[in-house]
Number of protein chains: 2
Amino acid sequence: MATETIGQRMTAQRRLLLDIIRSANDHIDADGLYRQAKERDPRISLSTVYRNLSLLKDVGLIAERRLGEGHHHYEINVAPHHHHLVCVECGVVFEFESHFTEKMKAAVEEASQYVITNIEVNMQGHCRDCLEKSSQ
Amino acid sequence: MATETIGQRMTAQRRLLLDIIRSANDHIDADGLYRQAKERDPRISLSTVYRNLSLLKDVGLIAERRLGEGHHHYEINVAPHHHHLVCVECGVVFEFESHFTEKMKAAVEEASQYVITNIEVNMQGHCRDCLEKSSQ
DNA sequence: CCCTTATTGCAAATGCTTCCCAATAACAAT
DNA sequence: ATTGTTATTGGGAAGCATTTGCAATAAGGG
Ligand SMILES: [Mn+2]
Ligand SMILES: [Mn+2]
Ligand SMILES: [Zn+2]
Ligand SMILES: [Zn+2]
């Protein structure tokens, strides 16, 4: 488990949460993180989970995603930015990057006269597995 | 106010809500819709607002948007689809369409083997007005 | 080893949305 | 027009994700 500096105190809870998010290879939500954390530290509280998600997001270590459900999901923030395509049947997420987003940004900045700081592309569809299952 | 067929009963409340959404030229939220509706029908309930938003969305008459706040916004569903750029300072929304989304869809379908049914692009930034205010 | 204060656990509060249920009203069939 | 069926309503309670208040704890600089 990493010992690193974050600009804030590195508590056992914070280290644990960051560790779980790091080793999770999917997009985890607050409740899933809470449940996994409780297995290793039964006294950890849900407030602590939310507070640390907020802090780790502000610090830039993790990214918060809205994947179409009523709650957020989180993942380690890796460069370059990527986007998400979610299967509406099974929830499996396909991640992608696209050079079209840069072109789109330029065109929209030109048209709007805004300074754009963030772009988020969310797609929904049906994954191959679900397509095959429903065609049988 | 329109008399039209929706596949469901056209109640006075439903007609009123649809009418307000139609004449609103911005992205309205449930609470704003409720407040405007109460001015014309003080007995209308918030449940009715939510139920009708859900129904009008299912029927395809309105579109639900997530613009980065903790609640949804709604607008009349006009073709072609468009996307949103929100000023993080004042909330003003710039709407745009882009042919890059079609190209991106094709590329991502190819890479993922998904069948994509929906694309949503959300951008954040600073509008011209806010930029000018902060540079003074 | 202290001292300061960021952080925690717990519980209560919040904001948005959905659900329940008895009363009402749409509208299709008579 | 009158009726019967049942979708829809109002009101309130419940649900879910998230935030907040507060007293107790602990990180980590000096
Ligand atoms: Mn989830
Ligand atoms: Mn709003
Ligand atoms: Zn699937
Ligand atoms: Zn602005």
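Which side chains does a polar contact of 2.6 Å join? Those of A:Glu75 and A:Arg65. A polar contact is a pair of N or O atoms within 3.5 Å; within protein, one must be able to donate a hydrogen and the other to accept it, and residues adjacent in sequence count only if both atoms are side-chain atoms. A:Glu75 sits in strand S2 (residues 73–76) of chain A. Strands (E, at least two residues) and helices (H or I, at least four) are DSSP runs, numbered from the N terminus. A:Glu75 has a relative accessible area of 9%, so A:Glu75 is buried. Buried means under 20% relative accessible area, exposed over 50%, and partly exposed in between (1.4 Å probe, protein chains only).

This is a predicted model, in which local features need pLDDT of at least 70 and side-chain atom pairs count only at pLDDT 80 or more, while totals for chains, interfaces and linings use all residues. Residues are numbered from 1 along each chain as its sequence is written, chains are lettered from A and ligands numbered from 1 in the order in which they are written, and side-chain values use heavy atoms, with hydrogens and water left out.

**Metal sites**

Donors are N, O and S atoms within 2.8 Å of the metal (3.2 Å for Na, K and Ca); water is not among the atoms, so sites may look incomplete.

| Ion | Donors | Distances |
|---|---|---|
| zinc ion (ligand 3) | A:Cys87 (SG), A:Cys90 (SG), A:Cys127 (SG), A:Cys130 (SG) | 2.1 to 2.4 Å |
| zinc ion (ligand 4) | B:Cys87 (SG), B:Cys90 (SG), B:Cys127 (SG), B:Cys130 (SG) | 2.1 to 2.4 Å |
| manganese ion (ligand 2) | B:Asp29 (OD), B:His71 (NE2), B:His73 (NE2) | 2.3 to 2.7 Å |

The site of the zinc ion (ligand 4) is tetrahedral, with angles of 102 to 116° among its four donor atoms. Four donors count as tetrahedral if all angles lie between 85 and 135 degrees. Along the sequence, the donor residues of this zinc ion (ligand 4) are spaced C-x2-C-x36-C-x2-C. The pair B:Cys87 and B:Cys130 links distant parts of the chain, 43 residues apart. B:Cys87 lies in strand S3 (residues 83–87) of chain B, and B:Cys130 in helix H5 (residues 128–134) of chain B. Both B:Cys87 and B:Cys130 are buried. For B:Cys130 the relative accessible area is 7%.

Around the zinc ion (ligand 3), the four donor atoms subtend angles of 101 to 116°, so the arrangement is tetrahedral. Its donor residues follow the spacing C-x2-C-x36-C-x2-C. A:Cys127 and A:Cys130 are buried. A:Cys130 has a relative accessible area of 7%.

The donors of the manganese ion (ligand 2) follow the spacing D-x41-H-x1-H. B:His71 is partly exposed, at 33% relative accessibility. B:His73 is buried, at 6%.

A disulfide is a pair of cysteine sulfur atoms within 2.5 Å. The count over all chains is zero.

**DNA strand C**

A residue is near a strand if one of its heavy atoms lies within 4 Å of it. Of the 22 residues around DNA strand C, A:Gln13, A:Arg14, A:Thr48, A:Arg51 and B:Tyr50 come nearest. Helix H1 (12–23) and helix H3 (46–59) of chain A, and helix H3 (46–59) of chain B, each supply at least two residues of this surface.

A polar side-chain atom of A:Arg9 lies 3.1 Å from a base nitrogen. An N or O atom in the side chain of B:Ser47 is 3.2 Å from a base nitrogen. A polar backbone atom of B:Met10 is 2.8 Å from a phosphate oxygen.

Key. Tetrahedral: all angles 85-135°; square planar, octahedral: opposite > 155°, others 65-115°.
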